[in-house]
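Colleague: I would like to go through this model with you. Please give the criterion behind each label.

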Amino acid sequence: GSEMCIRDRVEFIKTLSEAKKQAVILKGVYGLDNREIADVLGITESAVRRRIADAYGRIIYFVRKGDR
């Protein structure tokens with residue numbers, strides 16, 4: 001199925017660039033909003049949105065690839 005187990009999630013996160021990994025962890029684990037993430041990382045909110053969108057796109061690809 002398309003449900004990722006914890007090990008799969010950890011392995012996937014390891015494949016992300018450091019920039020994307022930071023944004024995804026700050027959002028998903030710590031629950032920060034885009035403005036807070038931008039402040040923590042010293043980047044713009046649009047850069048945060050782009051990093052998270054790119055990471056989520058990779059997640060979708062990763063999950064779909066696993067379904068084959």
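The talk below takes the labels in turn.

Modeller: This is a predicted model: local features need pLDDT of at least 70, side-chain atom pairs count only at pLDDT 80 or more, and totals for chains, interfaces and linings use all residues. Residues are numbered from 1 along each chain as its sequence is written, and side-chain values use heavy atoms, with hydrogens and water left out.

Colleague: What makes up the secondary structure of the chain?

Modeller: Four helices and zero strands. The pattern along the sequence is α-α-α-α. Helices (H or I, at least four residues) and strands (E, at least two) are DSSP runs, numbered from the N terminus.

Colleague: Why is Asn34 called buried?

Modeller: Buried means under 20% relative accessible area, exposed over 50%, and partly exposed in between (1.4 Å probe, protein chains only). Asn34 has a relative accessible area of 18%, so Asn34 is buried.

Colleague: Why is Leu41 called partly exposed?

Modeller: The relative accessible area of Leu41 is 21%. That value lies between 20% and 50%, so Leu41 counts as partly exposed.

Colleague: What makes a set of residues a nonpolar core?

Modeller: The members are buried Ala, Val, Leu, Ile, Met, Phe, Trp, Tyr and Cys residues joined through side-chain atoms within 4.5 Å. The largest such core here has seven residues: Ala23, Leu26, Leu32, Ile37, Ala38, Val48 and Ile52. Helix 2 (18-28), helix 3 (34-41) and helix 4 (45-67) each give two or more residues to this core. Leaving aside neighbours within four places in sequence, Ile37 is in contact with Ala23, Leu26, Lys27, Leu32, Val48 and Ile52.

Colleague: Which residues of helix 2 are buried?

Modeller: Lys20, Ala23, Val24 and Leu26. They cover an arc of only 165° around the axis, so they sit on the same side of helix 2. The arc is that of the directions from the helix axis to the C-beta atoms.

Colleague: What percentage of the residues in the chain is buried?

Modeller: Buried residues make up 24% of the 68 residues.

Conventions. Contact = heavy atoms within 4.5 Å.
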